[in-house]
Amino acid sequence: MKRISFLLIMLFILICLTSCKKEEYKKYNIGQEKEFINQIYDYIDNNKEYCLIDVRDLETEYATGHFKGFINYSIEKGNTSEFVYKIKSMYSKEKAIFIIDKDGSKVEELMAALKEEGYPKIYIYLGGYGNLEKNNNDDFIVVTGTDDCGC
């Protein structure tokens, strides 16, 4: 009887370990630009699935300069529900989502909304695009225009 109980417990533990998603929600503050960039490069270097999103206004901010590889969703011209709908329609929940905005005012709300939808890996930078660009150290190429991604 003890042996059966032990086997059932081990089976339960095994099922829990294999069915649990690893969740990772990270917020990077001003001064942590390098850590945020390194997190992105960890995904790039290890061929992990990811998506880079810039939610600044397309015409007035994104078009005048953005990091190559970041797609745009103008949060000022939409709303959080539309943003989540767009992400759900384009990206599986297996992808890590990296989000930047103008000044850090929208990224936490977007993270919370994606977390609620079951996205387990979300990384945000709270310092805004300007701070990230200023501390970029040529890690990302800055491009102009309204083309999303530039891939």
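Here is a walk through this predicted model, from its sheet to its salt bridges and nonpolar cores. Residues are numbered from 1 along each chain as its sequence is written, and side-chain values use heavy atoms, with hydrogens and water left out. As for confidence, local features need pLDDT of at least 70 and side-chain atom pairs count only at pLDDT 80 or more, while totals for chains, interfaces and linings use all residues.

Let's start with the sheet. Five strands make up an open, parallel sheet, running in the order β1-β6-β5-β2-β4. Strands here are DSSP runs of E with at least two residues, helices are runs of H or I with at least four, and both are numbered from the N terminus. Two strands pair if DSSP finds at least two bridges between them. At the edges sit β1 (24-28) and β4 (71-72), each of which pairs on one side only. Have a look at how β4 is held: β2 (residues 50-54) pairs with β4 in the parallel sense over two bridges, and I53 has I71 as its bridge partner in β4.

I53 also takes us inside. The largest nonpolar core has 21 residues, and I53 is among those with the most contacts inside it, along with V55, F83, I87, I97, I99 and L114. A nonpolar core, by the way, is a set of buried Ala, Val, Leu, Ile, Met, Phe, Trp, Tyr and Cys residues joined through side-chain atoms within 4.5 Å. At least two residues of this core come from each of β2, α4, β5 (96-100), α5 (107-116) and β6 (121-125), and α5 gives the most, with five. Apart from this core lies another one, of 16 residues, including Y28, F36, A96 and Y125.

Now for the charges. The structure has eight salt bridges, each being a side-chain nitrogen of Lys or Arg within 4 Å of a carboxyl oxygen of Asp or Glu. One of them joins K34 to D139, with the closest N and O atoms 2.8 Å apart. That pair links distant parts of the chain, 105 residues apart: K34 is in helix α2 (residues 33-45), and D139 is in the loop between α6 (128-134) and β7 (142-143). K34 counts as partly exposed because its relative accessibility is 37%; the cut-offs are under 20% relative accessible area for buried, over 50% for exposed and partly exposed in between, using a 1.4 Å probe and protein chains only.

D54 and R56 form another salt bridge, the closest N and O atoms being 2.9 Å apart. With a relative accessible area of 0%, D54 is buried, and R56, at 6%, is buried too. D57 bridges to K77, this time with 3.2 Å between the closest N and O atoms. D57 lies in the loop between β2 and α3 (58-62) and K77 in the loop between β4 and α4 (80-90), so the pair ties together parts that are 20 residues apart in sequence. D57 is buried at 10% relative accessibility, whereas K77 is exposed at 55%. Through shared partners, salt bridges join D57, E59 and K77 into one network.
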